[in-house]
Amino acid sequence: MPTPGDMRAKIIEGLSAKTGRSIRQWAELVRSKAPAGSRKDRIAWLQREHALGHGQASMVVDWVDRPELFADPDPATLVESLLKGKDAVRPVFTRLASVLEELGPDVRVEARQTYVAFARGRQFAVLQPATPTRLDVGLVLPHLRQTARLRPAGSFGSGRITHRVSLAHEDEIDAELTEWLSAAYEIAEPR
């Protein structure tokens, strides 16, 4: 699942390849030559005068006006924000994240605004605080049937995730769950 940063990087890369100007060169042009006005006016100017597409023009104006969008967010800050007000699930999250990271040296932790993904070439698990007292674990286990505990992915279902397990207490991180985590890790062979 590409991140917003990945999508911005793709547009910036394409901008340079298609126009011969880097994002920095376009930004300098906007600062020095664009007519004063609103964001919308400057985007329209780039489209009209320089034949940029709307997405490209928006990216250039954002580069000038909102540089914070282009900074990589600190993963620890994202996790803290995700767990804010969810103190009951914090110990479950912490322990489960540790179990997932210990599955192998190639596990990557990818913090997002609303969840934390774990990948090994491909994503195999997702931790998402669903409520202040419940942590949902999304897993890629296409070969397993649902059980009372291992349910269909639900809202996780738009991506690779096939199943969900809901946890409220650390003691629910048991041998059965660890086996599912390990199976999901094995399925996500490195690229």
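1. Two strands are taken to pair if DSSP finds at least two bridges between them. Helices (H or I, at least four residues) and strands (E, at least two) are DSSP runs, numbered from the N terminus. On these terms Arg108 stands opposite Ala119 in E2.

2. The model under review is predicted: local features need pLDDT of at least 70, side-chain atom pairs count only at pLDDT 80 or more, and totals for chains, interfaces and linings use all residues. Residues are numbered from 1 along each chain as its sequence is written, and side-chain values use heavy atoms, with hydrogens and water left out.

3. The sheet. An open sheet is formed by 6 strands, in the order E1-E2-E3-E4-E6-E5, with antiparallel pairing. Its edges are strand E1 (108–111) and strand E5 (151–152), each of which pairs on one side only.

4. Strands E1 and E2. Strand E1 pairs with strand E2 (residues 116–120) in the antiparallel sense, over 4 bridges. The two are joined by a hairpin through 4 residues. Within this pairing, Phe118 in E2 is the bridge partner of Val109.

5. Strands E3 and E4 run antiparallel and are joined by 6 bridges; they form a hairpin with 2 residues between them. Asp136 in E4 is the bridge partner of Gln128. Strand E4 also pairs with E6 in the antiparallel sense, over 5 bridges, and Leu139 stands opposite His163 in E6. Strand E4 is mostly covered, as 5 of its 6 residues are buried. Buried here means under 20% relative accessible area, exposed over 50%, and partly exposed in between (1.4 Å probe, protein chains only).

6. Helices across the sheet. Helix H5 (residues 75–83) lies across E1, E2 and E3 and runs at about 60° to E1. Helix H7 lies across E2, E3, strand E4 (134–139) and strand E6 (163–167), and runs at about 40° to E4. The axes are lines fitted to C-alpha atoms, for helices over the stretch in contact, and angles run from 0 to 180 degrees between N-to-C directions. Contact means heavy atoms within 4.5 Å.

7. Val79. What does Val79 touch, not counting residues up to four places away in sequence? The residues are Phe93, Ala111 and Val116. Val79 is found in helix H5, and its relative accessibility of 19% is the reason that it counts as buried. Val79 and His163 are 84 residues apart in sequence and, C-alpha to C-alpha, 22 Å apart in space.

8. Helix H4. This helix (residues 54–65) has 12 residues and reaches 16 Å from its first C-alpha to its last, close to the 16 Å expected at 1.5 Å a residue. The expected span is 1.5 Å times one less than the number of residues. Among the buried residues of H4 are Gln56, Met59, Val61 and Asp62.

9. Loops on either side of H4. Ala51 lies in the loop between helix H3 (39–50) and H4. Ala51 has a positive phi of about 55° although it is not a glycine. Most residues other than glycine have a negative phi. With a relative accessibility of 67%, Ala51 counts as exposed. Asp74 is found in the loop between H4 and H5 and is partly exposed, with a relative accessible area of 41%. Asp74 and Arg112 are 38 residues apart in sequence and 9.9 Å apart in space, C-alpha to C-alpha.

10. Aromatic pairs. Rings of Phe, Tyr and Trp (its six-membered ring) pair if their centres lie within 6.5 Å; planes under 30 degrees apart count as stacked, over 60 as edge-to-face and the rest as tilted. The count comes to 2 aromatic pairs. In one, the rings of Trp63 and Phe70 have centres 4.9 Å apart and planes at 55°, so the pair is tilted. In the other, the rings of Phe124 and Tyr185 have centres 5.6 Å apart and planes at 80°, so this pair is edge-to-face.

11. Charges over rings. A charge sits over a ring if NZ of Lys or CZ of Arg is within 6 Å of the ring centre and within 35 degrees of the ring normal. The charged end of Arg8 sits over the ring of Phe70, 5.8 Å from its centre. The ring of Trp26 has the charged end of Arg21 over it, 4.7 Å from the ring centre.
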